[in-house]
Amino acid sequence: MNNFDKTAYWQDIDQAHHIHPFTDTADLNNRGTRVITSAKGVFIEDSNGKRYLDGMAGLWCVNIGYGRKELAEAAYKQMLELPYYNNFFQCANTPAIELSKVLAEITPEGLNHVFYANSGSEANDTVVRMVHQYWNLKGKPERTHIISRKNAYHGSTVAGASLGGMSGMHAQGGSLLRDVVHIDQPYWYGEGGDHTPEEFGLLTARKLEEKIEELGADRVGAFIGEPIQGAGGVIIPPSTYWPEIQRICKKYDILLIADEVICGFGRTGNWFGSETFDIKPDLMPMAKGMSSGYLPISAVMVGERVADVLINQCGEFTHGFTYSGHPAAAAVALENIRIMRDEKMVERVRDDIGPYFRKQLDTLKDHPLAGAVETVGLIAGMPLVDDKKTRKAFDKPGTVGTICRDACVANGVISRACGDRMVLSPPLCITHDEVDELVKRLRAALDDTAKKIG
Ligand code: PLP
């Protein structure tokens, strides 16, 4: 079979049997699935042999880049030695034990305990159960509410979708958690009006205080936020936001959860977004970059305050997954972190490739569609707007973004449209030349988009 016959073969089977995540599958079946068959470095290749520069590192996860043999070898070796054993009932496997030590070393001070799961969503489910059990054991079981933000993303399970503030998901989910409430997001570019970013950061942070007062502090258990909202469109909060959020959490004695599923493992130029924004979380869910997506694994880092209660006052914590701390996934995560440390990948994002990425993306600011270019480390958001001067959005949100996303694909670069915000999060191993290439292809996609919308 030639490549095109093979593609048709896979597309037919896919159409017959596969319901895709976050996809209008009927629409996809009309277009035909893009079948990705191989990858190396920052490039992926489809079944027709077309190569794309992956500006998204898969789903914000392939931090060390594609094709690292060391990770495949770590999985292979571990699978031969001990392919599976659980961490339940007085047992543990050695990769999970070793990984716990390494995670305690690289995560911010005070986070010394870890609970394993398999996905970001499961990590956030775990967080909800920990928050509830913590307050139960503190004799305050009525502190059930968790405050989150509109347009946040925390996963797809019932707890994840409830914590998230995605209106499209809430519209489809009948049975979300009752005690999760959402306040405004710190999205200055789109919602800040005439305020300065600093004023708007304070205003949106104080929505937390208003919500706590409205519910009653004795009914609020925790606040959850991504240091930078990823799937919401790379919403980088103004500098005043996180200090104010932390002041309020302290004042009302509520737990602070930093969801590091995207920001973690070097993305922002530090190991964790919490370091970049000086956040001191009590609980820190993380996933994706932990294994660079080579195998599924996630975890919740638990600070002393919660760990002390869960370990010393709880008895059995009745929570866990068959694959919590899976030995092969843990071995891959260990190898991934070893490579990131040895090759000083995080330092490189902070001091070299991150600043270069920003400088080169900034050249797109002259494009009539590009309202702004907002970056931290190797994560970027670019709102496409109707009027740059007034920051006016397009009338039908998401339409121009989708056109631009498709134009990116046509030009051989993967970017994602979150509404009309184009977002990027390339593998951390991206070179200077590849950044140039990414920006060149993005400009071509912006030009094609401008032509298409007339
Ligand atoms: N939290 C954040 C911040 C995320 O971006 C995601 C996924 O994109 C999740 C949680 C959910 O992770 P998963 O898709 O692995 O369940």
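The paragraphs below walk through a helix pair, a loop residue and the surroundings of a ligand in a predicted model. Residues are numbered from 1 along each chain as its sequence is written. In this predicted model, local features need pLDDT of at least 70 and side-chain atom pairs count only at pLDDT 80 or more, whereas totals for chains, interfaces and linings use all residues.

Helix 6 covers residues 120-137 and helix 13 covers residues 304-312, helices being DSSP runs (H or I, at least four residues) numbered from the N terminus. The two pack at an angle of about 70°, with their axes 10 Å apart, where axes are lines fitted to C-alpha atoms over the stretch in contact and angles run from 0 to 180 degrees between N-to-C directions. Helix 6 is therefore roughly perpendicular to helix 13, a term used for angles of 65 to 115 degrees. Helix 6 contributes M130, Q133, Y134 and L137 to the contact, and helix 13 contributes V306, V309 and L310; two residues are in contact if their C-beta atoms, placed from the backbone, lie within 7 Å.

F321 is found in the loop between helix 13 and helix 14 (327-342). Because F321 has 19 C-beta neighbours inside 10 Å, F321 counts as partly exposed, the class between buried (20 or more) and exposed (12 or fewer). Leaving aside neighbours within four places in sequence, F321 is in contact with A117, N118 and E122.

Around the ligand there are 17 residues, and the closest are S119, G120, S121, G155 and V261, a residue being near if its C-beta atom, placed from the backbone, lies within 6 Å. Helix 6 gives the most to this shell, with three residues.

Note on methods. Angles under 35 degrees count as roughly parallel, over 145 as roughly antiparallel, 65 to 115 as roughly perpendicular and the rest as oblique.
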